[in-house]
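Subject: Structure handover

Hi,

Here is the structure I promised to pass on to you. Have a look at it first, and then read on for what turned up.

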Amino acid sequence: MVKYICKYPFSLLVIAAILFLSLFNPPKTRLDDVTFIDKIAHVCMYGGLELIIWVEYLRLHADLNKVKFILLGIAAPIALGGIMELAQMLLTVNRSGEWADFIADTLGVLAGAAAGLFILRPLIWRKR
């Protein structure tokens, strides 16, 4: 476990931030009136997590282990989104788990994965 903390510190920090943001009671703001702001936030959080995972993976590895990356870099963040929606539904009073939020999480992960694969990977590996 210590190995992963040393190799992927920013990814773990973003996961911790997502855990906090998913379970705390957010204050009311003027942004609450923006249509789909919650879904946009989910796409951005999970897309950002995916991009950080890509950056940390690419700086540490010279090749792409597709099976390992699909399981840990794509399936795990999607599962985190589902687990957090269940946690909101079961563990909080002021939050609710929603399928639409889970879909937004998944879209964020998939968009981040596509950006990582087609944009970040060529940029980072070209510099080697």
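The protein has five helices and zero strands, where helices (H or I, at least four residues) and strands (E, at least two) are DSSP runs numbered from the N terminus. Along the sequence the pattern therefore reads α-α-α-α-α.

Before the details, a word on the source: this is a predicted model, in which local features need pLDDT of at least 70 and side-chain atom pairs count only at pLDDT 80 or more, while totals for chains, interfaces and linings use all residues. Residues are numbered from 1 along each chain as its sequence is written, and side-chain values use heavy atoms, with hydrogens and water left out.

Overall picture

The C-alpha trace spans about 50 × 30 × 25 Å along its principal axes. Of the 128 residues, 31% are buried; buried means under 20% relative accessible area, exposed means over 50%, and partly exposed is in between (1.4 Å probe, protein chains only). Contact means heavy atoms within 4.5 Å, and among contacts between residues at least 6 apart in sequence, 79% join residues at least 24 apart. The protein exposes about 8300 Å², and carbon and sulfur atoms supply 74% of that area. Accessible areas come from the Shrake-Rupley method with a 1.4 Å probe, and for residues only the protein chains shown count as cover.

Helix α4

Helix α4 covers residues 66-91, and its 26 residues should span 38 Å at 1.5 Å a residue. The expected span is 1.5 Å times one less than the number of residues. The end C-alpha atoms of α4 are 35 Å apart, which agrees. There is a bend of about 35° at Ala75, and a proline, Pro77, follows within four residues. The bend at a residue is the angle between axes fitted to the seven residues ending there and the seven starting there.

The buried residues of α4 include Phe69, Gly73, Ile74, Pro77, Glu85 and Gln88. What do the buried residues of α4 pack against? Their partners are α2 (9-23), α3 (37-60) and α5 (99-126). Gly48 is found in helix α3 and counts as partly exposed, at 26% relative accessibility.

Helix α5

The 28 residues of α5 should span 40 Å at 1.5 Å a residue, and the end C-alpha atoms are 39 Å apart, which agrees. A kink of about 40° lies at Leu120, shortly before the proline Pro122. Leu120 is also one of the buried residues of α5, along with others including Asp101, Ala104, Val109 and Gly112. What covers the buried residues of α5 includes α3 and α4.

The salt-bridge network

The structure holds three salt bridges, a salt bridge being a side-chain nitrogen of Lys or Arg within 4 Å of a carboxyl oxygen of Asp or Glu. The side chains of Lys39 and Asp38 meet in one of them, at 3.2 Å from N to O. Asp38 is partly exposed, with a relative accessible area of 30%.

Lys39 also meets Glu98 in a salt bridge, at 2.9 Å from N to O. Lys39 lies in helix α3 and Glu98 in the loop between α4 and α5, so the pair ties together parts that are 59 residues apart in sequence. Glu98 counts as partly exposed, at 32% relative accessibility.

Lys39 forms a salt bridge with Asp101 as well, the closest N and O atoms being 2.7 Å apart. This pair links distant parts of the chain, with Lys39 in helix α3 and Asp101 in helix α5, 62 residues apart. Is Asp101 buried or exposed? At 3% relative accessibility, Asp101 counts as buried. Salt bridges that share partners join Asp38, Lys39, Glu98 and Asp101 into one network. Leaving out residues up to four places away in sequence, Asp101 touches Asp38, Lys39, His42, Glu85 and Gln88.

The surface

Met1, Tyr4, Ile5 and Leu12 make a nonpolar surface patch of about 420 Å². Patches are made of residues with over 30% relative accessible area and no salt bridge; like charges are joined within 9 Å, and nonpolar side chains (Val, Leu, Ile, Met, Phe, Trp, Tyr) within 5 Å. Leu12 is found in helix α2 and counts as partly exposed, at 35% relative accessibility.

Best wishes
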